[in-house]
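Please read them with the structure open.

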Amino acid sequence: MARAKISIIGAGNVGATAAHWAAAKELGDVVLVDIPQLDGVPQGKSLDLSQAGPIEGFDASIIGATAYEPTVGSNVVIITAGLARKPGMSRDDLLMKNTEIVQAVTRQIAKLSPQAVLLVVSNPLDAMVYVAHKVSGFPARRVIGMAGVLDTARYRYFIAAELGVSVQDVQALLLGGHGDDMVPLPRYTSVGGIPLPELMPLERIEAIVKRTRGGGAEIVNLLKTGSAYYAPSAAVVQMAEAIIRDKKRVLPCAAYCDKEYGVGGYFVGVPVKIGGGGVEQIIKVKLTDREKQLFDASVQHVRDLIKSVKI
Ligand code: APR
C-alpha cells in the first residue's frame, strides 16, 4: 500500500517542525513548500530532515519545493503559510496579509489535491480556516482549523505542572475561538478521571485559564522574533495522524458549525470526532448558562473577524 502523502505549505518554524514530527511518527511522505523567493530553504530543510532518518529510524520521503507540482494527490495538506505574530501584534492584525496568502495557497492545493483534508494553522485561525473553506469549495468536513488541540495542550501542561502529575493524565476541553476569549470548561477537565475542581481551588484554576488564554502571547513576548511553533506543529500533526490512521480521535478543533451550538455557519472550536473523512461528527456537550454566555461571546468575535475578511 502506498504511503500517505502530507504536504506542508510554509516551510518556516511551524511548517518545518510539523515535517519533523510527521517524519518521526512515520505518518507518510512529506512535501514541504515555500515561496520561490526562498528557493533552497524548503529543499535544504527537507534534505537535513531526511538525513535524520537513519538515526531516528524513520522511512519517509521528505522533499522541499517552491512550486506546487510535487504536492499533487496529497491526502492531508497543512497550511502554515503566512506571517507570524510579532510582539504587540494581535492575531487579528495579521488578518489582511494572511488572507491573501491563504487564498493563493488554497487555490493551488484545491486544484492539485482535490480529495485532501486541509488543516489550517495560519492565524488569525478562525478567519483563515473560513477563507480556506470558501476558496477550496471543499465540503466543510474536509477543512479544519488547528487551535483547540494547542490551547488544550497548554492548559493541560499548566495543570500537570501545578499538580506535579503526568501530562498524560490530564484531560481537558476548551471551546470557542482561538483567541483571548477561548472558553475553558473546568467541569470537563479531569486528572486520572478525577474532576479538576476536586483537586485544585477555583482561584488556581482561574489563574491557569488566564495563563492559557495568553499562552500564545507569552511565547511571542519571550521569543521576540516570532511565535510558538513546537506545540502548534505537534498539535496539527496529531490531527493529521487521526486522519491518516483513521483513529477517530475526539479532539477540540475549529470545525464548521451551522445549527450546532447555534453558531450559524462559522468555524469555531468544538469537540469533534476526527478520522479518515476529516470531521466525522461534531460532539455536542451541555453548557451551563455562564459557559454558553462565554461561548457566544467568543463566537461573536469570530463573526466580527470574518466581517472584515475580503475574499
Ligand atoms: N506560499 C507558501 N509559503 C508562504 C507563502 C505562500 N504564499 N507566504 C509566506 N509563506 C511562508 C514564509 O515564507 C515562511 O517561510 O510561510 C512561512 C511562515 O513561517 P514563519 O515566518 O516561520 O512563521 P511560523 O512561526 O511558521 O507561523 C506560521 O502559523 O501559528 C501560525 O501565526 C502563525 O500565521 C502564522 C503561521
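This is a predicted model: local features need pLDDT of at least 70, side-chain atom pairs count only at pLDDT 80 or more; totals for chains, interfaces and linings use all residues.

1. About 50 Å³ of space lies in the largest cavity. Its lining is made up of Ala 147, Gly 148, Asp 151, Leu 174, Leu 175, Gly 176, Gly 177, Met 182 and Gly 269. Two elements, α6 (148-163) and β8 (174-175), each give two or more residues to that lining. Sorted by class, the lining has four nonpolar residues, four polar residues and one charged residue.

2. The largest pocket. How much space lies in the largest pocket? The figure is about 850 Å³. The lining counts 42 residues. Thr 80, Ala 81, Gly 82, Leu 83 and Ala 84 lie nearest the centre of the pocket. By class, the lining has 22 nonpolar, 15 polar and five charged residues.

3. Helices at the pocket. Which helix gives the most to the lining of the largest pocket? The answer is α4, with four residues. Helices α1 (13-24), α4 (95-112) and α6 each supply at least two lining residues. Helix α6 also gives two or more residues to the lining of the largest cavity.

4. Around the ligand. There are 20 residues around the ligand. Those that come nearest are Asn 13, Val 14, Asp 34, Thr 80 and Asn 123. Thr 80 is also among the residues nearest the centre of the largest pocket.

5. A polar side-chain atom of Asp 34 is 2.6 Å from a ligand oxygen. At Val 14 a polar backbone atom takes part, with a ligand oxygen 2.7 Å away. Gly 82 also uses a polar backbone atom, 3.4 Å from an oxygen atom of the ligand. As for cover, the ligand has 730 Å² of accessible area on its own, and the protein covers 84% of that.

6. A cis peptide. Most peptide bonds are trans. The bond between Asn 123 and Pro 124 is cis, with omega about -5°. Pro 124 sits in the loop between β5 (117-120) and α5 (125-136). Its partner in that bond, Asn 123, is one of the residues that come nearest the ligand. Look at this bond and the ligand in one view.

7. Is phi of Lys 224 positive or negative? The value is positive, near 70°, in a residue other than glycine. Most residues other than glycine have a negative phi. Lys 224 is placed in the loop between α8 (215-223) and α9 (230-244).

8. Three strands form an open sheet, ordered β7-β10-β11, with antiparallel pairing. β7 (170-171) and β11 (194-195) are the edge strands; each has a single partner, so one side of each has no neighbour in the sheet. Strand β10 (residues 190-191) pairs with β11 over two bridges, in the antiparallel sense. Within this pairing, Ser 190 stands opposite Pro 195 of β11.

Methods. Residues are numbered from 1 along each chain as its sequence is written. Side-chain values use heavy atoms; hydrogens and water are left out. Two strands pair if DSSP finds at least two bridges between them. On a 1 Å grid over the protein atoms alone, a cavity is a set of points where a 1.4 Å probe fits but cannot get out, and a pocket is an open set with protein on both sides within 12 Å along at least five of seven lines; lining residues have an atom within 4 Å of a point. Grid points are joined across faces, edges and corners, and a volume is the space filled by probe spheres set on the points. Ala, Val, Leu, Ile, Met, Phe, Trp, Tyr, Cys and Pro count as nonpolar, Asp, Glu, Lys and Arg as charged, and the others, Gly among them, as polar. A residue is near a molecule or strand if one of its heavy atoms lies within 4 Å of it. A polar contact is a pair of N or O atoms within 3.5 Å; within protein, one must be able to donate a hydrogen and the other to accept it, and residues adjacent in sequence count only if both atoms are side-chain atoms. Accessible areas come from the Shrake-Rupley method with a 1.4 Å probe; for residues, only the protein chains shown count as cover.
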